[in-house]
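Visitor: I would like to learn how to read some features of a protein model. Please take them one at a time.

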Amino acid sequence: MTAVDTAMAQALNTALRDALGADERVVVFGEDVGRLGGVFRVTDGLTEAFGDRRCFDTPVSEAGIAGLAVGMAMTGWRPVVEMQFDAFAYPAFEQIASHMAKMRNRTRGALPLPLVVRIPYGGGIGGVEHHSDSSEAYYAHTAGLKVVTPATAADAYSLLREAIDDPDPVVFLEPKRHYWTKEPLELPVRTEPFGTAAIRRTGSDATLVAYGPSVAVALEAADRAAAEGLDVEVLDLRTLVPLDDRTLTASVRRTGRCLVVHEAQGFAGVGAEIAARVQERCFDALRAPVLRVTGFDVPYPPPLLEHAHLPGAERVLDGLRRLLPADDVRRTRRDAPSRTGTTAPGRTFHLPDLGEGLAEAELLEWQVAVGDPVTHDQVVAEVETAKSVVTLPSPFAGTVTALHCRAGEVVRVGAPLFTVAEGTADSGSGAVLTGYGTSGGPGRRPSGRGVAVAGAGSAADDTGPAREVPPATRTPLGPAAEKFVRGHRDTPAVTIWADADATALLAARTTHGTGPTPLLARACLAALAAYPQLNARVDGDRQEIVRLPQVHLGFAAQTDHGLVVPVVRNADGLALHDLAAELRRLTALARSGALPTEHHTGGTFTLNNYGVFDVDGATPILNHPQAAMLGVGRVIDRPWVRDGRIEVRKVVHVSLTFDHRVCDGGTAAGFLRHVVDGITGCR
């Protein structure tokens with residue numbers, strides 16, 4: 001697949017469509033969301049695709065819509081409801097604040113409430129009275145609700161899918177003025193999860209904080225500010241609850257200045273909370289007061305006055321000028337003197353405050369040399385404090401023009417470390433300091449493998465240049481990483497194994513004209529019929545084991561872009577011939593990158609054939625939330641006792657990894673023996 005221009009409304013529609021296809025508990029309802037497809041056509045075509053029991057219209061009663069959603073969520077459904085416009089949601093606020101937000105607390109955590117309230121919000125479309133408002137502060141102030149507001153089509157898809165999967169109620173605020181703003185996008189897509197802000201534009205002079213419809217305004221203002229010599233970083237919060245304090249704090253501490261922009265009224269708005277948090281966490285780093293650019297403290301104006309009420313790029317730019325006068329910017333960008341007294345062009349990074357009252361650190365080792373290119377967050381040096389060893393990542397991108405100290409030298413906080421020439425910066429600056437306390441202990445000493453400092457020899461050899469050490473490389477974690485961590489953390493998994501004589505299995509391949517995988521799948525399905533306890537999942541919120549009525553069989557398929565686990569839906573109802581055909585079809589789709597969404601998720605049991613990698617056995621991590629996985633190793637010749645005689649037979653190692661909460665060891669062993677019998681007696 002290739003990226004195509006996709007509007008936010010289209011991304012939301014696809015997210016709803018994929019969620020409905022992946023989970024039969026998901027239902028969509030609200031005013032005119034059925035046949036009409038919603039006022040903004042976000043639900044267009046869902047009723048035709050899934051029927052009027054999965055996507056249906058309701059009476060014009062927002063309180064009734066919210067109350068129905070609460071009741072359905074309490075009984076196991078996952079409702080996604082739409083309020084036609086932001087101000088239309090106020091009649092439902094009692095249900096939202098008194099029941100949605102409090103149900104988990106009221107039941108002491110026993111009863112989750114997995115539902116989503118979609119609200120088109122904000123201005124910019126010239127809506128008449130009650131059709132435009134910015135109500136995010138009401139929901140963010142109501143404990144028990146998660147509040148999400150995407151600014152891009154990619155985030156709209158990903159955050160809505162996450163909201164539908166979340167066990168808690170989510171208020172999903174959709175910036176209506178950007179419903180038809182397009183961006184190149186390949187769906188499905190997964191962006192960062194709840195509680196993760198995104199730096200949409202890097203900068204060093206000030207942090208411009210925005211969310212939802214204000215992000216585009218902030219980016220425009222930052223681009224215009226660049227023409228005046230202001231280098232502004234734009235931070236998109238993405239979720240208001242939970243709020244990403246870490247990224248917010250790191251950005252402001254890096255720039256020293258903060259301006260918050262949002263459409264809602266300023267008094268007691270979300271911007272006030274952000275300003276308070278920044279002041280509390282970044283007071284010693286701030287070079288100016290935290291400022292806000294917001295809507296005015298008046299009722300939302302009629303369409304002809306909307307442009308004057310909404311913060312535009314010019315108002316934001318005025319705020320940046322008050323926050324950071326151009327003369328101050330030029331002073332902060334003056335070249336820092338090098339150790340030889342000359343001037344090094346570009347940006348200079350100074351040793352940051354390392355916390356805990358530490359005033360100095362010893363430079364252990366440079367990871368770069370003069371002339372090396374560096375990227376944002378690339379580790380450039382290691383320093384040792386009285387507490388621990390710390391790695392220093394670069395907050396700038398470009399080319400190193402000077403190193404201002406030698407390996408082995410003690411450096412005071414605030415002293416210059418290195419200078420980077422501008423002009424090759426990339427996007428996505430990260431933290432100023434990483435790895436604190438993780439690179440070694442107080443007893444660690446310099447390795448002596450320093451890299452030459454500008455104008456000086458290294459600490460390792462003062463008679464000549466030192467060997468250059470290549471910088472470490474960084475690769476982002478894949479989308480499955482968090483799932484692996486969750487599966488390992490949340491599941492008390494046990495692995496048992498047995499060897500099986502696979503001679504009959506291999507002979508059956510010729511008989512049926514198929515590969516071994518369908519035959520192994522058939523053995524698994526027969527064992528699941530005898531031991532249905534393993535076709536289950538654990539509902540941790542309710543502390544219940546959910547026995548699943550159908551088997552959706554996941555199987556491992558190796559592709560050019562990594563391991564994929566397609567899902568055969570209703571595998572327990574397929575004959576061997578049909579099962580083999582479906583396995584071949586899904587494998588081909590997975591390898592071509594065209595696997596449909598409904599075959600990506602929803603598996604209830606996984607068959608993992610790692611024998612293709614010439615591996616005998618393994619103890620895999622379960623494919624959360626599944627409760628069991630069967631592993632099959634390679635088939636090899638081994639001595640085997642048969643009818644009292646030792647023969648060389650084809651033997652395979654079979655393992656079962658299972659969630660010990662769903663069954664005891666006896667049940668698991670019975671299941672595994674059933675599979676082994678299916679292999680040895682294969683016909």
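Visitor: Which residue in E32 is the bridge partner of Asp 637?

Guide: Keep in mind that this is a predicted model. As a general idea, strands of a sheet pair through backbone hydrogen bonds, either parallel or antiparallel. Here, the bridge partner of Asp 637 is Lys 650 in E32. The two strands, E31 and E32 (residues 645-659), pair in the antiparallel sense over 13 bridges.

Visitor: How many residues lie between E31 and E32 in their hairpin?

Guide: Two residues lie between them. Asp 643, in the turn, has a positive phi of about 55 degrees. A salt bridge also joins the side chains of Glu 647 and Arg 642, at 3.9 Å from N to O. Arg 642 is partly exposed, at 34% relative accessibility.

Visitor: Do E30 and E31 run parallel or antiparallel?

Guide: They run parallel, joined by four bridges. Within that pairing, Thr 606 stands opposite Met 629 in E31.

Visitor: What is the order of the strands in the open sheet of four?

Guide: The order is E15-E22-E20-E17, with antiparallel pairing. Strand E15 (347-350) and E17 are the edge strands, since each pairs on one side only. Inside the sheet, strand E20 (residues 398-403) and strand E22 (residues 416-421) share four bridges. Leu 403 stands opposite Phe 418 in E22.

Visitor: Now a helix. Which residues of helix H12 are buried?

Guide: A residue counts as buried when its relative accessible area is under 20%. In helix H12 (residues 313-323), the buried residues are Ala 313, Val 316, Leu 317, Gly 319, Leu 320 and Leu 323. Viewed down the axis of H12, they fall within an arc of 155 degrees, so they line one face of the helix.

Visitor: Is Gln 378 buried or exposed?

Guide: Gln 378 is buried, with a relative accessible area of 9%. Its place is in the loop between strand E17 (373-374) and strand E18 (379-384). Val 612 is also in a loop, the one between strand E30 (605-609) and strand E31 (628-642). Val 612, however, is exposed, at 59%.

Visitor: Which residues form a nonpolar patch on the surface with Val 612?

Guide: Leu 563, Phe 613 and Val 615 form the patch together with Val 612. The accessible area of the patch is about 370 Å².

Visitor: How many salt bridges does the structure hold?

Guide: A salt bridge is counted when a side-chain nitrogen of Lys or Arg is within 4 Å of a carboxyl oxygen of Asp or Glu. The structure holds 35 salt bridges. One of them is between Arg 190 and Asp 165, at 3.9 Å from N to O. That pair links distant parts of the chain, 25 residues apart. Arg 190 is in the loop between strand E8 (182-185) and strand E9 (198-201), while Asp 165 is in helix H7 (residues 153-165).

Visitor: Why does the salt bridge of Asp 284 and Arg 253 tie together separate parts of the sequence?

Guide: The closest N and O atoms of this pair are 3.0 Å apart. Asp 284 lies in the loop between helix H10 (270-282) and E14, and Arg 253 in helix H9 (residues 245-255), so the pair ties together parts that are 31 residues apart in sequence. Asp 284 is exposed, at 53%, whereas Arg 253 is partly exposed, at 33%.

Methods: Residues are numbered from 1 along each chain as its sequence is written. This is a predicted model: local features need pLDDT of at least 70, side-chain atom pairs count only at pLDDT 80 or more; totals for chains, interfaces and linings use all residues. Side-chain values use heavy atoms; hydrogens and water are left out. Patches are made of residues with over 30% relative accessible area and no salt bridge: like charges are joined within 9 Å, nonpolar side chains (Val, Leu, Ile, Met, Phe, Trp, Tyr) within 5 Å. Accessible areas come from the Shrake-Rupley method with a 1.4 Å probe; for residues, only the protein chains shown count as cover. Buried means under 20% relative accessible area, exposed over 50%, partly exposed in between (1.4 Å probe, protein chains only). The arc is that of the directions from the helix axis to the C-beta atoms. Two strands pair if DSSP finds at least two bridges between them.
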